[in-house]
Amino acid sequence: MRRPNILIVMSDQQRADLRKARGYALDTMPFLDQFAAGGVDFARAYTPNPTCMPARVSMFTGRYASAHRVRTNHNAVDALYTRDLLDVLKSAGYRTALCGKNHSHHAPEDFDFHETCGHLGYEGEENTTHAQKEFADFLCATKHMETHVPSPGGIEVQHPYRNVSSALKFMDTLPADQPFFAWVSFAEPHNPSQVCEPYFDLFPPESLPPTAFGPEILKEKSPRWTWLRGVWEEVMGNELESRYLRTRSNYHGMLRLIDDQLRRLIAGLEERGLRENTLIIYLSDHGDFVGEYGLLRKGPDLPEILTHIPMIMQGPGIAPQGLRDDICVNIVDLLPTICELIGEEIPLGVQGKSLLPLLRGENVPEGEFDTAYAESGYSGLYWDARDELSLEAEGASNPDRTRFDCLNTWTQSGQVRAVRRGDWKLQCDMLGHVYLYDLRHDPLEGHNLADDPTYAVQRADMLQELAAAMMKADDVLPFPHRRYRTKIHPHGYWKDESYHSPDVGVRDLPSMSGWNRHNED
């Protein structure tokens, strides 16, 4: 049997908890829930960084942002690694495709097939019909904000529909014995919050479940949260509450649109006889506030609502396990998992762990997947309202406040790290500010227990876990060049005491200077 196909379906900015199978009141994604029940649904899956480009580069490189160096959406040229997922798959004979949003360190031309879009539409010659052009103009006019009328053009101009059509077209170009990798990358449910009929008002604003917390909880968070709320109040003014509700309604509608297109994509695989030999991975790059805490989109720190993501796998050799809520996994684990699945060596510098033993229902070392780790921040001091920097000068908004970029100097500066173990979550920043949460009783992190003496033991234990996680995430590159041997478990594990590395001799490694996708090892 030839090597399995690899299909990664990625949504952009999708909350992990807004599915009925995860206890949500509304049935937003019935097909995904059904699909997840027949595979492995990782209930404790995390992004390494709740920002688009850093998370996507981590998916390709298997490295945390502090190691691959792409710590913001503006650092693609700084990507640092030896070989990434695309390099591995191409050298293994795979044909590769990008269908949808990119926002990684790769150019579309690095893929054998590409049809791409951004949040504001396809560009240039990609729009050939009147309906497509009308929809593209509609998107540009949103300035990334929410819309209060159904989007024009119907389902077939929406990006998820076109992304799936691109993927099926790519599959139809392949020889019968050609393994493929397709990255079907939906730009939704990321803003602009828009959707067409019949999804617009499928979940009416007035029928949505209330959020767990409103803006009153922001005083429990870092000052950047209050600053962010203040900007949203300035942007939306007296219409803030109604606009928040419409944004939430459209977000839910986009989830159902994505769900229907995922169903169409899987049906297309089956019609072409490809599903049986295709590893299908569904995930998102990070989450979204979706009105919780009186906030929208994303921004500061590492709350569960932004770092906790959906991640579901199904395919050849994977034992159907349904919901797995006993282990923590991360986007950085995808590259080593795929490498092991197709029989390729894991590249030097990969920090993730292979999930293949878990997917096959095999035993793994006790405690190996007990913790999840995430990072954010591009360093420096925090900026605040006292600094002489305006939203306009920074580029986060315009004078009339008709647009706003929630990822900016104020929300992304500094350094923040977080770790989860069991039901406990701890976040700490470079100034020593600590937040401790009991996720079993407080899943949306409304009550910081860090300064409560009752939880002093938990705080100390979690600070120890965070220190260990940060050291494990420290970049192993460059390796020593001569005498010293770096011991790395073949699965990327840390707790397998039975593993003893063979003496494979000393490798004289090349200099790290310029190691990236243009200068492979």
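A word on terms: on a 1 Å grid over the protein atoms alone, a pocket is an open set of points with protein on both sides within 12 Å along at least five of seven lines, while a cavity is a set where a 1.4 Å probe fits but cannot get out. Volume is the space filled by probe spheres set on the points, which are joined across faces, edges and corners.

This is a predicted model, where local features need pLDDT of at least 70 and side-chain atom pairs count only at pLDDT 80 or more, but totals for chains, interfaces and linings use all residues. Residues are numbered from 1 along each chain as its sequence is written, and side-chain values use heavy atoms, with hydrogens and water left out.

Back to the pocket. Its lining has 35 residues, and Asn73, His74, His103, His119 and His144 lie nearest the centre; a lining residue has an atom within 4 Å of a point. Strand E4 (113-116) and helix H13 (409-412) are the elements that give two or more residues to this lining. Helices (H or I, at least four residues) and strands (E, at least two) are DSSP runs, numbered from the N terminus. By class, the pocket lining has eight nonpolar, 18 polar and nine charged residues. Here Ala, Val, Leu, Ile, Met, Phe, Trp, Tyr, Cys and Pro count as nonpolar, Asp, Glu, Lys and Arg as charged, and the others, Gly among them, as polar.

Now the cavities. There are eight of 30 Å³ or more. The largest cavity has about 280 Å³ of space. Of its 20 lining residues, Tyr64, Lys353, Thr371, Tyr373 and Lys472 lie nearest the centre. That lining divides into 10 nonpolar, five polar and five charged residues.

The second largest cavity has a volume of about 110 Å³. It is lined by 16 residues, with Asn191, Ser193, Thr247, Leu296 and Arg297 nearest its centre. Which elements give two or more residues to this lining? They are H7 and H8, and H8 gives the most, with three residues.

That brings us to the helix pair. H7 (residues 223-236) and H8 (residues 240-271) pack at an angle of about 100 degrees, with axes 9 Å apart. Axes are lines fitted to C-alpha atoms, for helices over the stretch in contact, and angles run from 0 to 180 degrees between N-to-C directions. H7 and H8 are therefore roughly perpendicular, a term for angles of 65 to 115 degrees.

Notes
Angles under 35 degrees count as roughly parallel, over 145 as roughly antiparallel, 65 to 115 as roughly perpendicular and the rest as oblique.
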